[in-house]
Protein chains: 2
Amino acid sequence: VSSHRPWSEVASIDPASARRRLAEARVARLATVGPSGPHLVPVCFALADDTAYSAVDDKPKRHRSLARLANLAGDRRACLLVDHYEENWNRLWWVRADVWARLELGRSEQRRALELLLAKYPQYAGWELGPLVALDVERITGWQAGPD
Amino acid sequence: VSSHRPWSEVASIDPASARRRLAEARVARLATVGPSGPHLVPVCFALADDTAYSAVDDKPKRHRSLARLANLAGDRRACLLVDHYEENWNRLWWVRADVWARLELGRSEQRRALELLLAKYPQYAGWELGPLVALDVERITGWQAGPD
């Protein structure tokens with residue numbers, strides 16, 4: 001019987017390593033809560049200090065109806081998850097950030113966030129990005145199956 | 001300017017393909033809602049008909065305090081997400097299932113779920129799996145950047 005249990009809830013990554021893995025991840029999943037329950041989308045994001053920035057990259061006309069924005073306008077609590085899966089379960093890990101969302105950003109923070117996103121994702125070059133969401137990290141927890 | 005927008009909310013995978021991708025995925029993320037907001041964990045799962053089964057693989061003593069189980073006992077609505085990321089954003093896709101959770105399974109359903117999980121994940125062989133969660137799929141939506 002293996003002692004490694006996949007996706008355990010027991011936090012066992014040290015905070016610095018958890019933060020690094022969050023910062024380096026190319027994709028995360030964002031959970032929000034709306035009138036019909038929890039909602040999940042994958043997001044690209046850039047982490048600066050204790051804030052993760054994400055851009056809505058949909059067409060302008062659709063912004064208002066995006067579930068994640070409607071949800072966050074009603075309930076600012078959200079959750080970001082980054083995880084690593086492979087068939088060798090001794091190498092599984094995840095990092096979760098409990099966050100508070102801000103939908104209204106000042107101009108300088110907006111500019112900085114766009115710079116960070118563009119620096120992390122060259123794919124954004126030339127795009128017109130939609131509204132930015134700032135996710136202020138309140139708590140980071142993480143777990144890994146084996147040693148570093 | 002690329003016409004491909006990552007992680008768009010516009011559903012564009014046909015239902016059969018979305019269901020197949022969900023069934024084949026090795027890992028999903030499960031969002032639940034608790035008193036302190038949304039909660040996210042990665043999960044292994046097996047899909048049969050319209051139900052996804054997932055096992056808690058933590059130590060027995062911890063079951064009761066697991067956030068996902070406590071959350072689902074209070075609010076059965078949950079959300080499963082499967083996504084594919086790569087640096088070529090023309091190949092991004094995601095599939096989301098809105099689900100209702102059941103924590104009490106009859107003995108035959110329990111046995112079937114364990115068989116399905118073991119068949120999908122040989123890694124579980126020899127484990128003592130914890131409580132099973134049944135996630136009845138209410139709706140599947142999905143999106144992909146490019147054609148199949």
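## Aromatic pairs and the chain interface

With a relative accessibility of 13%, A:Trp127 counts as buried in this structure, which is a predicted model.

Over all chains, the search of the whole structure finds 10 aromatic pairs. One of them is formed by A:Trp89 and B:Trp127, whose ring centres lie 5.9 Å apart and whose planes stand at 80°, so this pair is edge-to-face. The pair crosses between chains, running from A:Trp89 in the loop between strand 5 and strand 6 of chain A to B:Trp127 in the loop between helix 3 and strand 7 of chain B. Both A:Trp89 and B:Trp127 are buried, and together with B:Tyr121 and B:Tyr124 they form one aromatic cluster.

## The surroundings of B:Gln123

B:Gln123 is placed in the loop between helix 3 (107-120) and strand 7 (132-144) of chain B. If neighbours within four places in sequence are left aside, B:Gln123 is in contact with A:Tyr85, A:Glu87, A:Trp89 and B:Arg26. A polar atom of the B:Gln123 side chain lies 2.7 Å from the backbone oxygen of A:Glu87. Within chain B, the C-alpha atoms of B:Gln123 and B:Ala52 are separated by 18 Å, the two residues being 71 residues apart along the chain.

## Salt bridges between and within chains

The count of salt bridges over all chains comes to 18. Among them is the one between A:Arg26 and B:Glu87, in which the closest N and O atoms are 2.8 Å apart. Because A:Arg26 lies in the loop between helix 1 and strand 1 (28-34) of chain A, while B:Glu87 lies in the loop between strand 5 (77-84) and strand 6 (93-102) of chain B, the pair joins two chains. A:Arg26 counts as partly exposed at 25% relative accessibility, and B:Glu87 counts as partly exposed at 38%.

Another salt bridge links B:Arg29 with A:Asp83, again with 2.8 Å between the closest N and O atoms. This pair also crosses between chains, from strand 1 (residues 28-34) of chain B, which holds B:Arg29, to strand 5 (residues 77-84) of chain A, which holds A:Asp83. Here B:Arg29 is buried at 5% relative accessibility, and A:Asp83 is buried with a relative accessible area of 13%. Within chain A, the side chains of A:Arg102 and A:Asp136 meet in a salt bridge at 2.7 Å, N to O. A:Arg102 belongs to strand 6 (residues 93-102) and A:Asp136 to strand 7 of chain A, so the pair ties together parts that are 34 residues apart in sequence. Salt bridges that share partners also join A:Arg29, A:Asp83, B:Arg29 and B:Asp83 into one network.

Helix 3 of chain A (residues 107-120) has 14 residues and reaches 20 Å from its first C-alpha to its last, close to the 20 Å expected at 1.5 Å a residue. Its buried residues are A:Ala113, A:Leu117 and A:Lys120. They cover an arc of only 70° around the axis, which puts them on the same side of helix 3 of chain A. On the other side of this helix, A:Arg107, A:Ser108, A:Arg111, A:Glu115 and A:Ala119 are exposed.

The buried residues of helix 3 of chain A pack against helix 1 (15-24), strand 3 (46-48), strand 4 (51-55) and strand 7 (132-144) of chain A.

Note on methods: Residues are numbered from 1 along each chain as its sequence is written. Chains are lettered from A and ligands numbered from 1 in the order in which they are written. Side-chain values use heavy atoms; hydrogens and water are left out. Helices (H or I, at least four residues) and strands (E, at least two) are DSSP runs, numbered from the N terminus. The expected span of a helix is 1.5 Å times one less than its number of residues. Buried means under 20% relative accessible area, exposed over 50%, partly exposed in between (1.4 Å probe, protein chains only). The arc is that of the directions from the helix axis to the C-beta atoms. Contact means heavy atoms within 4.5 Å. A polar contact is a pair of N or O atoms within 3.5 Å; within protein, one must be able to donate a hydrogen and the other to accept it, and residues adjacent in sequence count only if both atoms are side-chain atoms. A salt bridge is a side-chain nitrogen of Lys or Arg within 4 Å of a carboxyl oxygen of Asp or Glu. Rings of Phe, Tyr and Trp (its six-membered ring) pair if their centres lie within 6.5 Å; planes under 30 degrees apart count as stacked, over 60 as edge-to-face and the rest as tilted.
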